[in-house]
Amino acid sequence: MTKRGLLALAFAAAVPMTMLAQGRGGAQPARSPKEAAPVDLTGYWVSLVTEDWRWRMVTPIKGDSASVPINQAAKQIMNNWDPAKDEAAGNQCKGYGAPAIMRAPGRLHITWQDDNTLKVETDAGTQTRLLRFGPSTGSGQVQTPPPPSWQGSSVARWDTGLTPVGGQLPLGLSQRQGIRSRSLEVVTTNLKPGYLRKNGVPYSAKATVTEYFERFAEPDGNDHLMVMTIVTDPEYLAIPFVVTSDFKKEADGSKWDPTPCTAR
């Protein structure tokens, strides 16, 4: 090797790659969550009700909490459920909050509201969820939280298979393999008390909702969206309540049919 070649190798070993990158025009700007999205979740999706039909397609009878791990305090509220009182109080949407809305039969419309916010609209109950990536501002100041609402405040991030938003894996699950960087993880708090099911099975203002969104293609060419929902509630649930909801991609919004909340 020539002397010039040896000098070139020595220079490459001594100069960090970051300096070389800066020499080519400086550090690269960070990509927005929209630009960095490892999977496209946008579009229209219709729910596939392949299980729990009796609790999803019709309002369950009063007192039916089968498969929901509620405690005694929750049972008292459930047994006092009165849809007429909810209607009179303007609380028809208590069964359409973030802990329950993905189980409602109907359609989703997912779009980017801006580079840092995914918007999820539901035609069932005409609800809108805003899934925000990172802080809402770059000021570094503590932001005053908005009032509690049915959809609460949601923090989102692309799941790389590392530590989840909440800092721990849900329910002791191990790190997932084979789907790294393919999942959206969302943690929702700041909720108004509502119902996990429309027949009065309650969740409290202390509830936290953790969700994982996965898109995949079936052999027949159809695109599917799977949403795992984990609800924890120290006030009304003995253990976390876990459900998985499936959706199929639709070509357009021709079947989109917004309907108001109903308490019955």
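I take a nonpolar core to be a set of buried Ala, Val, Leu, Ile, Met, Phe, Trp, Tyr and Cys residues joined through side-chain atoms within 4.5 Å. The structure I consulted is a predicted model.

Entry 1, the core. I looked up the largest nonpolar core and found 42 residues in it. Leu41, Leu184, Phe213 and Leu225 have the most contacts inside this core. I note that nonpolar side chains tend to be buried together in soluble globular proteins.

I listed its contacts, leaving aside neighbours within four places in sequence. Among them are Leu41 and Phe213, and also Glu214, Arg215, Ser245 and Asp246.

I located Ser245 in strand 11. Is Ser245 buried or exposed? I record Ser245 as buried, because its relative accessibility is 0% and the cut-off is under 20%. The side chain of Ser245 makes a polar contact of 3.1 Å with the side chain of Arg103. The Ser245 side chain also reaches the backbone oxygen of Met102, at 3.5 Å. Beyond four places in sequence, I found Ser245 in contact with Met102, Arg103, Leu225, Met226 and Val227.

I noted a volume of about 380 Å³ for the second largest pocket. Which residues lie nearest its centre? They are Trp55, Arg56, Arg103, Ala104 and Lys198, out of 23 lining residues.

Notes: Residues numbered from 1 in each chain as written. Predicted model: local features only at pLDDT ≥ 70, side-chain atom pairs only at ≥ 80, totals over all residues. Heavy atoms only, no water. 1 Å grid on protein atoms, 1.4 Å probe; cavity = no way out; pocket = protein on both sides within 12 Å on 5 of 7 lines; lining within 4 Å. Points joined across faces, edges and corners; volume = space filled by probe spheres on them. Helix = DSSP H or I, 4+ residues; strand = E, 2+ residues; numbered from the N terminus. Buried < 20%, exposed > 50% of the residue type's maximum accessible area, 1.4 Å probe, protein only. Polar contact = N/O pair within 3.5 Å; in protein donor to acceptor, adjacent residues only side chain to side chain. Contact = heavy atoms within 4.5 Å.
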